[in-house]
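Subject: Structure handover and findings

Dear colleague,

I am passing on the structure we spoke about, and below it I set out what I found when going through it. Please read the notes with the structure open beside you.

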Amino acid sequence: MNIEKLYWKTLYYWIRYLNYDVISRDKDDAEIWLVHKRKQSVVIFRKDVSTTQEVRFDKSRILDHQDDLAQKIGFKPSSYNFYYFTDREFSEEKISENDPIKLNFFIIKNEEDIKQITPNFVIHKMLINNNDKKTYSHYRRKVLTNNPLDKHMHRFTPATYLLIIINVVIWLCMILYLNRFSDVKLLDVGGLVHFNVVHGEWYRLITSMFLHFNFEHILMNMLSLFIFGKIVESIVGSWRMLIIYFISGLFGNFVSLSFNTSTISVGASGAIFGLIGAIFAIMYLSKTFDKKVIGQLLIALVILVGLSLFMSNINIMAHLGGFIGGLLITLIGYYFKNNRQLFWIFLIILLTIFVALQIRIFTIKEDNIYDKLIKDQMLAGNYSEAKSVVTQTLNKKYADDETYYLSGLITATESSQSEAIAEWERGLKSYPNSGILNYELAIANRSLSDNKKALKYVKKAVKSDPSNTNYKNLQKELSESSDSKDK
């Protein structure tokens, strides 16, 4: 049993999988202190221990200097755990302490002893894996790295991995079941659209965060999520990272809805830019990132933004909104514990922006996305697909006068003019003052030489929109024709 390798490997696993940080080491690295600030836990790793006298000395060292240690660590631990890695034989004494503070001492001489300190079966199996060919220097280098980015990227971050898996699985399902990623399909499966959200389909604020346009889109987003998600989760923890992620994504979607009323928005980039905003907030608050690390992050950000400029369907407003949301929610979370005055200031800023966004979302003129999709399909020559969207629009009760107008054009192309007229007349029952329907019926009746009926319809069209030149010209033409016949 290589006790040196086990020492460094266990240290590495405590840092990678249990989120501990190195706060102290002696010059020979024979004693290394790890802390978990959120759990307020301290573990001390020691090697080359040969006598119980050294163990008793460690015990008195803690008991006699509790206040000094608490000041150095930054909190008062409820317990200290000592892990002694040694291949030397010496008598073990039961010297663990529970009062006034809990002290636990563990001697690790072999693989069997490692069981008593590992928190779960999985970590235990990885620690005693005989197929591990890495040397102790490999683990030592990872434990003692001074680059914060290296530390965060080596951490096990389950929430980040889970988000990536969910996005990829949904992508594969769309590949298998939808075959293609048209706007119609993305709308059907939950893409973000202003028209649908203001009509009560709020679920799209979440579902749109897990949909992507194409392979390049999801590849770019998942690479970004892997980098920035791991950094944020390593610093703040899994649950806090998820909170930042989803609040940023929602905030980005609200900003998008405030400025974008005519397109479908999908993707995780708003939430990812929220993670970037959180990193900038953390750098500002911690003041522990040196110029080199900040430069590395800025380079990664510039590359991300630069590559996104060459991709289609990029929602800049969602990116900006997500960044602001991530920045603000991180500051709010930090100042909640450290400065209540600043907490309330940033919370009020966030809520003010949120209310302003809601007012804008529900007051700006909405565009019926279904009419746009119908026209897009018609222009592409996909009349059967256009007719399917018409049916979907009618079933959802989202149809307006333009929907009936487009439906009539499709019917005229695929069937007959008489059926098209019937379709426009059905629309006119619901929208009797529609300019476009009255105008189209006027043209249709003129083509059937029924100028009297045509004139009746065009007069209604002009009445609904007196400034429309086409309506006025047709009315003038039909009026003159009627006057000449009367003479």
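Helix H14 supplies the largest share of the lining of the second largest cavity, namely 3 residues. In this predicted model, that cavity is one of 2 cavities of 30 Å³ or more, and the space within the second largest cavity comes to about 30 Å³. Its lining consists of Phe 228, Ile 276, Ile 279, Phe 280, Leu 297 and Leu 301, and the elements that contribute two or more residues to it are helix H14 (269-286) and helix H15 (291-309). Sorted by class, the lining of the second largest cavity holds 6 nonpolar residues, with no polar and no charged ones.

The largest pocket has about 1700 Å³ of space and a lining of 44 residues, of which Lys 37, Arg 38, Ile 235, Val 236 and Ile 282 lie nearest its centre. Helix H16 (residues 316-338) gives the most to this lining, with 8 residues. By class, the lining of the largest pocket divides into 21 nonpolar, 14 polar and 9 charged residues.

On the aromatic side, the structure holds 31 aromatic pairs. One of them is formed by Tyr 84 and Phe 105, which are stacked, with 6.3 Å from centre to centre and 10° between the planes. Tyr 84 belongs to strand E4 (residues 79-85) and Phe 105 to strand E5 (residues 102-108), so this pair ties together parts that are 21 residues apart in sequence; both Tyr 84 and Phe 105 are buried. Phe 210 and Phe 246 form a further aromatic pair, here a tilted one, with 6.2 Å from centre to centre and 45° between the planes. This pair links distant parts of the chain, since Phe 210 sits in the loop between helix H11 (204-207) and helix H12 (215-236) while Phe 246 sits in helix H13 (residues 238-259), 36 residues apart. Phe 210 has a relative accessible area of 11% and is therefore buried, whereas Phe 246, with a relative accessible area of 25%, is partly exposed. Ring pairs also link Tyr 7, Trp 8, Trp 14, Phe 45, Tyr 83, Phe 85 and Phe 106 into a cluster.

Two individual residues may also be worth a look. Glu 233 is placed in helix H12 and has a relative accessible area of 2%, so it counts as buried. Leaving aside residues up to four places away in sequence, Glu 233 touches Thr 157, Pro 158, Ala 159, Thr 160, Ser 238 and Met 241, and its side chain makes a polar contact of 2.8 Å with the side chain of Thr 160. Between Glu 233 and Lys 372 there are 139 residues of separation in sequence and 41 Å in space, taken from C-alpha to C-alpha.

The other residue is Ser 407, which lies in helix H20 (residues 401-414) and counts as buried because its relative accessibility is 0%. With residues up to four places away in sequence again left out, Ser 407 touches Lys 387, Val 390 and Glu 423, and a polar contact of 3.3 Å joins the side chain of Ser 407 to that of Lys 387.

With best wishes

Terms used: Residues numbered from 1 in each chain as written. Predicted model: local features only at pLDDT ≥ 70, side-chain atom pairs only at ≥ 80, totals over all residues. Heavy atoms only, no water. Helix = DSSP H or I, 4+ residues; strand = E, 2+ residues; numbered from the N terminus. Buried < 20%, exposed > 50% of the residue type's maximum accessible area, 1.4 Å probe, protein only. Polar contact = N/O pair within 3.5 Å; in protein donor to acceptor, adjacent residues only side chain to side chain. Contact = heavy atoms within 4.5 Å. 1 Å grid on protein atoms, 1.4 Å probe; cavity = no way out; pocket = protein on both sides within 12 Å on 5 of 7 lines; lining within 4 Å. Points joined across faces, edges and corners; volume = space filled by probe spheres on them. Nonpolar A, V, L, I, M, F, W, Y, C, P; charged D, E, K, R; others polar. Phe/Tyr/Trp six-rings, centres within 6.5 Å; stacked < 30°, edge-to-face > 60°.
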